[in-house]
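Please look through the structure below before reading on. The numbered points that follow are meant to be checked against it one at a time.

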Amino acid sequence: MAQQFEDKFQRKFYYLRLSVTDVCNFKCQYCLPDGYKPSGKSNSFLTLPEIQRVVGAFANCGTSKVRITGGEPSLRKDFAEIVHAVAQTNGITKVAMTTNGYRMKKQIHSWKDAGLTHINVSVDSLDPRMFHQITGENKYFEVMSGIDRAFEVGFEQVKVNVVLLKDLNSRALPQFLCWIKDRPIQLRFIELMQTGEMDPLFQNQHVSGVSIRNQLMADGWLLKQRQSHDGPAQVYYHPDYLGEVGLIMPYERDFCVSCNRLRVSAKGKLHLCLFGEHGIELRDLLHQDSQQQALIDRIQGQLQTKAVSHFLHDGNPGMTPHLASIGG
Ligand code: SAM
Ligand code: SF4
């Protein structure tokens, strides 16, 4: 193994979030409220050989987990091949995806066969009408049957992302808890994050996860110990529930201390932080296998510039226009 990716604050990077497309077929209010609009520039997303090279370089420097995301990653026609290529990379032991669930019911079997080991599905409401209102798509029942199908094909746990929205779902905790009582689902309540294109929505709908944490603790939920490869969620369990509840609260102090992930966008830019500045070009070093050392050197060099924390507390969400552009 080449030198492990590490920054100057001794944070090690085990986890790559790889976006494979910016395109999405949903219109989530907090992400792409007007739907996906191609940018004027070229829309060519990383090809399969480019994906293999970038994942190979990360794996060579200690990354063991890759999350494939987007936009909606399952809209890529070669999605199963991407999963297969990532899963076949030496050193990669976890291949996860984040999806809106739209294609899950039909395709999860082939994704699992290709080597997918973990799946996160976004479900912001258990009320079909509210789901429609938030996502712009009347696909609640398809997504829910996709989750059932994931268990049928052998996933032991499904993670479900819920973005907390003050007026739309922040009082739905009892309903969500009832849903996971007998299902091995890990809910992940994510605080709404401010991005470049969403000022009024953030001001009106942002709500802290603290009240959910307080309710959980009052009801006897217990905090799980965090492992070094885990994401930033604080995860709670309860002896009476098969499911678990995670809280992702990027506005909490020390959120960035345990940062262990880097991001590569669908157009091949390295992002040191979700809320950072413009990405760093990697694509010129993805043409040939022989460029791997130069690619590693560039990533390692840029890592030394990674800031200790995001600047969200100063009201500075960075340059990310919406999370579909770098995969959340
Ligand atoms: N399309 C897929 C999906 O929605 O699951 C994957 C990409 S999406 C950008 C990844 C995750 O980011 C989703 O769970 C989504 O709900 C979340 N997300 C998007 N915009 C967000 C925001 N402004 N604040 C918090 N979470 C957000
Ligand atoms: Fe699409 Fe995911 Fe963004 Fe919703 S959150 S618009 S599903 S990329």
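1. For "binding site", the UniProt record, an unreviewed entry, lists Arg17, Arg67, Thr98, Lys159, Arg261, Leu262 and Arg263. Please keep in mind, while comparing that list with the coordinates, that the model is predicted.

2. Thr98 counts as buried because its relative accessible area is 12%, and the cut-off for buried is under 20%. Leaving aside neighbours within four places in sequence, Thr98 is in contact with Arg17, Arg67, Ile68, Thr69, Pro73, Asn120, Ser122 and Asn161. With Arg67, the side chain of Thr98 makes a polar contact, side chain to side chain, at 3.1 Å.

3. Not counting residues up to four places away in sequence, Arg263 touches several residues, including Leu16, Arg17, His271 and Gly328.

4. Which residues come nearest to ligand 1? Of the 20 residues around the ligand, they are Gly71, Thr99, Ser122, Asn161 and Met193. A backbone N or O atom of Gly71 lies 3.0 Å from a nitrogen atom of ligand 1, a backbone N or O atom of Met193 lies 2.9 Å from a nitrogen atom of ligand 1, and a polar side-chain atom of Ser122 lies 2.6 Å from an oxygen atom of ligand 1. The protein covers 95% of the 540 Å² of accessible area that ligand 1 has on its own.

5. The shell around ligand 1 divides into nine nonpolar, nine polar and two charged residues. Strands β3, β5 (158-164) and β6 (185-191) each supply at least two residues of this shell.

Note on methods
Residues are numbered from 1 along each chain as its sequence is written. Chains are lettered from A and ligands numbered from 1 in the order in which they are written. This is a predicted model: local features need pLDDT of at least 70, side-chain atom pairs count only at pLDDT 80 or more; totals for chains, interfaces and linings use all residues. Side-chain values use heavy atoms; hydrogens and water are left out. UniProt positions are given in the numbering used here, feature names are shortened, and annotations may be inferred rather than shown by experiment. Buried means under 20% relative accessible area, exposed over 50%, partly exposed in between (1.4 Å probe, protein chains only). Contact means heavy atoms within 4.5 Å. A polar contact is a pair of N or O atoms within 3.5 Å; within protein, one must be able to donate a hydrogen and the other to accept it, and residues adjacent in sequence count only if both atoms are side-chain atoms. A residue is near a molecule or strand if one of its heavy atoms lies within 4 Å of it. Accessible areas come from the Shrake-Rupley method with a 1.4 Å probe; for residues, only the protein chains shown count as cover. Helices (H or I, at least four residues) and strands (E, at least two) are DSSP runs, numbered from the N terminus. Ala, Val, Leu, Ile, Met, Phe, Trp, Tyr, Cys and Pro count as nonpolar, Asp, Glu, Lys and Arg as charged, and the others, Gly among them, as polar.
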